[in-house]
Amino acid sequence: MANLGGTPTSLRALAHVSGLVVSGLFAALVPVPPPTLSAQQPVPVSGEVTCADCVITLDTVTTIGGREDFGLHVITPFSQVAVDRRGRVLITHLSYPEISIFDLSGDFLGTVGQEGDRPGEYDGIAHVNVGPRFVHVFEFHRGRTMLDLGFEVVRTDRSLGQVLSSVVIGSDEVAFAVPVREPAAVGHQLRILDARGRITSFGGDDRVAPGPQLHRFVVAGDDETFWAVRQQVNRVVRWNLEPEPVVARVFDRAVEVFERDNPSEQLWPRALNVGAMFDDDGLWIAWQTPDPDWTERISPGGEIPEVPWQTVLDGWLDLIDPSTGQTLARYHGDDALLGFAHGSRYVISYHEPNAGGAYIHLLEPRLSRGKP
């Protein structure tokens, strides 16, 4: 099997899902005065669709998957996907220490990384994002490794905590949300990690507890705005990044079908916001709900049934007006949506055919107006 930027690694069986160091270079937390958040009271917003003739269509860009080809072991319902500026698709999964690389035709190009503690070696990869110059690889417990576009290690930054969703802004600065104790502020801090490993924190001085995040966020944005969306609650927070990051709006959306499938107990499957993307149309939020025909609920630590994922989950996509928080249009399909491929505007759809294997589809959302 080909390997890009490292030594070959063998394929390993999919593990059951539960629940590099450059000497002297560590991320430094730069203290800054917290922005004023008290004036930003949450705005309740109905989740009803407001544009009756707006239609979301998902156009297939590429399909990756099957049963026999190399690199496909990372394609699961828990895959992380990014697309770089060269059109290379990077796919990883938390059970593997490497990243599989494909082109936009779906052809396998090779792997990056292997298991270990040295630069370019990984334990559990939580998240991958791409910028104009670098690939940012975040591990669950060992910070960030920054690679150049040839997949060679540039630097590592250990002291970050978990980064599960991020936005690349400016010249490869990475912005992400970190939960703090509620009801403080808006429930999170905004942190910006630059290409030299320095971190600046905005949104209060509450200490962030180490370890797994109980409250998680999916994020989106551009060089001017940053959007944080709670995974299990429909709170959407807009930050204006210029001239200095400050919370601008807080929307508490009430989406009936989401709330109906979002029990207070930690059961699975449940409604969940799984990804966000911001473009000229507005804020896109990908989310999941249990399939109406699936009635079984599993407690934490329970065995996930070995059935096609689309029989368990439905996929949804909302387009949000960034000025009002209202839902302009909504898509609903039978296949589960895994979120957005970082570095792109492609939403990820996951499907398991009855014949076996698994497929990831990269889909480009398109908004049109006309009678549905």
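I'll start with a set of strands. β2, residues 43-46, runs parallel to β21, residues 246-254, and the two are paired over four bridges. Within that pairing, Val45 has Arg253 of β21 as its bridge partner. β21 also pairs with β20, residues 235-240, this time in the antiparallel sense and over six bridges. β20 and β21 are joined by a hairpin of five residues.

Stay with that connection for a moment. Pro243 sits in the loop between β20 and β21, and the peptide bond joining Glu242 and Pro243 is cis, with omega about 0°.

Before going further, a word on confidence. This is a predicted model. The average pLDDT of the protein chain is 84, and 84% of the residues score at least 70. The part to be careful with is residues 5-39, where pLDDT is below 50; that stretch still has 82 contacts in the model beyond near neighbours in sequence. Where pLDDT is low, the predicted coordinates should not be read in detail.

Next, the nonpolar core. Which residues of the largest one touch the most other members? The core has 23 residues, and the ones in question are Ile75, Val81, Val89, Ile91, Ile360 and Leu362. At least two residues of this core come from each of β4 (80-83), β5 (89-92), β26 (336-340), β27 (347-351) and β28 (358-369). β28 gives the most, with three residues.

Now the cysteines. How many disulfides does a search of the whole structure find? The search finds one. The disulfide joins Cys51 to Cys54, with an S to S distance of 2.0 Å. The torsion about the S-S bond is about 70°, so this disulfide is right-handed. Are the two cysteines buried or exposed? Cys51 is buried, at a relative accessible area of 11%, and Cys54 is also buried, at 9%.

On to the aromatics. There are six aromatic pairs in the structure. In one of them, Phe78 and Trp309 have ring centres 5.8 Å apart and planes at 75°, so the pair is edge-to-face. Phe78 is in the loop between β3 (54-66) and β4, while Trp309 is in the loop between β23 (282-290) and β24 (313-320), so this pair ties together parts that are 231 residues apart in sequence.

Trp309 has another partner. Trp268 and Trp309 form a tilted pair, 5.3 Å from centre to centre and with 40° between the planes. Trp268 belongs to the loop between α1 (256-260) and β22 (272-279), and Trp309 to the loop between β23 and β24, so the parts tied together here are 41 residues apart in sequence. Trp268 is partly exposed, with a relative accessible area of 23%. Taken together, Phe78, Trp268 and Trp309 make up one aromatic cluster.

Trp268 comes up again in the backbone geometry. The peptide bond from Trp268 to Pro269 is cis, with omega near -5°. Pro269 lies in the loop between α1 and β22.

Last, two backbone points with positive phi. Phe151 is not a glycine, yet phi there is near 70°. Phe151 lies in the loop between β12 (144-148) and β13 (153-157), and this residue is buried, with a relative accessible area of 4%. Asp172 is also not a glycine and has a positive phi, about 65°. The location of Asp172 is the loop between β14 (167-169) and β15 (173-179). With a relative accessible area of 0%, Asp172 counts as buried, the cut-off being under 20%.

That is the end of the tour. I'll take questions.

Note on methods:
Residues numbered from 1 in each chain as written. Predicted model: local features only at pLDDT ≥ 70, side-chain atom pairs only at ≥ 80, totals over all residues. Heavy atoms only, no water. Core = buried A, V, L, I, M, F, W, Y, C linked by side-chain atoms within 4.5 Å. Buried < 20%, exposed > 50% of the residue type's maximum accessible area, 1.4 Å probe, protein only. pLDDT = per-residue confidence, 0-100. Contact = heavy atoms within 4.5 Å. Disulfide = S-S within 2.5 Å. Pairing = 2+ DSSP bridges. Phe/Tyr/Trp six-rings, centres within 6.5 Å; stacked < 30°, edge-to-face > 60°.
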